[in-house]
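Please study the sequence and the structure shown below. The paragraphs that follow are meant for a reader meeting this chain for the first time.

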Amino acid sequence: LSSPLVFNKNETKEMLCRGTYIILDTVARSVVSILPFVSNWILSAVHLQYTCSDATTAASPPSSKKKNPIQKVITIPKGIIKGVRDIFKKKKQTPNVGTASTSSSSSSTSNKQTNLDDDWAKDVSAPLEYKLSSKQTLIIASMRTNFQNRLMEEQQISGNQNFVTRMDEVRWGGSNERSFSWWYPDGRNGGAGLMTAYLKVMNWPEDLITTFPSNNVICQKGCPIDFAPAHTLEFRKKFKPWLITPSTYRENEAGLMYVHGHSPTRYHNDASKGGFSLAWYTPGNRRKRNTDDAYEDYIRVVVNAIETCTVDALRRSDGKIGKCNMVLDFAGFGVSMIPPIGVIKKLLKMLQDHFPDRLGVLVIMNMASAGQMILKLLMPFIPKIVKQKIHVLPNDRDTQFEMLKELIDEQYIPIRFGGADDFTFDAKTYYDSGMYHSEMWSEQEGRGYTESMPYHA
């Protein structure tokens, strides 16, 4: 973060295109919201077609047709122009894929429940046992052997005892009494739970070659499946996601992100043992500081919360489930709070590379214009499988509450969302003496990874 963010030609075009899209889309939505009495019979909700190509997409062959200087900088997608024209055309509104229905009719309660079960409740919980085929078991065995051989070749371990010790250095949650083995289950012949999470994202490659993590240049053309856990091992050793710094503590004093409660589950009669953990993310609660150091604190708050959420689920389920459901509340979030694109990409890279298959579902509350903007900035960098787990809840409070009961065990639904939980986040209790205790690191130690692991700098 100490050096300026540099975009290549394709990235510049992508950013200009996306910026144009966001501005025009926001204007279009604003016209409809400002003039609701007119929109009932003249205007309709506008959904601009997103046609901006990803900067990572291979460039197409050059056209023989000459372009003027402005066109050389950016070509405005036809979909944007069409979307602006559509403001003045009456058309049928179609719901967005992956977005919850906003119907509030009392007669459709049973239908809404059915839609919930079909659309997203399946991702809110999971069986305690993941059944492996004989082929998958063989792939895990190969990954385990190759991973251990890689560490021995890199002289990180020598012998069985050193391997176990090495794994203990990077336990989920660190070294405190509530930590849990990263290489679970324990032992040199263990690790099946951890490797299954990676291999599910890799889609169980039989040739033992994968493009995951796709953010890493080394794997863009294929790399051995054991590279991913070795890559995460280095990250955990240098970043230490279970630790916070004094400034991280201050960054989260208002409750930017924390873990509290668990979800219901259809696979266990006791949700406290079989339900996913809950992470509460309210970006409007971050401190109003726009410096490199401030964004480092922001990143560590989020990564530490995901780490805490994972270890909490693993401990409660005795290593059977290590997944989180997340509530993203945009209350109080404004345009000035949107982080730079470089910070967003850096955070997503960490989460995608080192926390595979840890997300159950992410539900979004209080989606205002600033929330729409950041979501549109994020989407091009989010894998398709993750996009399918993101759901925007309607603004109708009754419908909201019914949907939240699918996601949150009722005792943990907060009062502000119509529930009875009067929990108030307190950083001192949370970090110092609570069940989600985190160890403290110095500021210098907390930023040391930017030099020792430039990939994540």
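Which residues of H14 are buried? In this predicted model, the buried residues of H14 are Ala 370, Gly 371, Met 373, Ile 374, Leu 375, Lys 376, Leu 377 and Leu 378. The helix runs over residues 369-378, and because eight of its ten residues are buried, it is largely enclosed by the rest of the structure.

The chain contains 19 helices and nine strands. Of its 457 residues, 49% are buried. When contacts between residues at least 6 apart in sequence are considered, 77% of them join residues at least 24 apart.

Apart from its neighbours within four places in sequence, Ile 364 is in contact with Leu 328, Phe 330, Leu 375, Ile 390, His 391, Val 392 and Leu 393. Among these partners is Leu 375, which is one of the buried residues of H14.

Strand S7, covering residues 359-365, holds Leu 362. Leu 362 has a relative accessible area of 12%, and it counts as buried because this value is under 20%. Once residues up to four places away in sequence are set aside, Leu 362 touches Met 326, Leu 328, Lys 389, Ile 390 and His 391. Leu 328 lies 34 residues from Leu 362 in sequence, yet their C-alpha atoms are 6.9 Å apart in space.

Two packed helices are described by the angle between their axes and the distance between the axes. Helix H9 (residues 227-239) and helix H13 (residues 341-354) have axes that come within 10 Å and cross at roughly 125°. This angle makes H9 oblique to H13. On the H9 side, the contact is made by His 231, Thr 232, Phe 235 and Phe 239, while H13 contributes Met 350, Asp 353 and His 354. The residues of this contact divide into three nonpolar, three polar and one charged.

Notes. Residues numbered from 1 in each chain as written. Predicted model: local features only at pLDDT ≥ 70, side-chain atom pairs only at ≥ 80, totals over all residues. Heavy atoms only, no water. Contact = heavy atoms within 4.5 Å. Axes fitted to C-alpha atoms, helices over the stretch in contact; angles between N-to-C directions. Helix = DSSP H or I, 4+ residues; strand = E, 2+ residues; numbered from the N terminus. Parallel < 35°, antiparallel > 145°, perpendicular 65-115°, else oblique. Nonpolar A, V, L, I, M, F, W, Y, C, P; charged D, E, K, R; others polar. Buried < 20%, exposed > 50% of the residue type's maximum accessible area, 1.4 Å probe, protein only.
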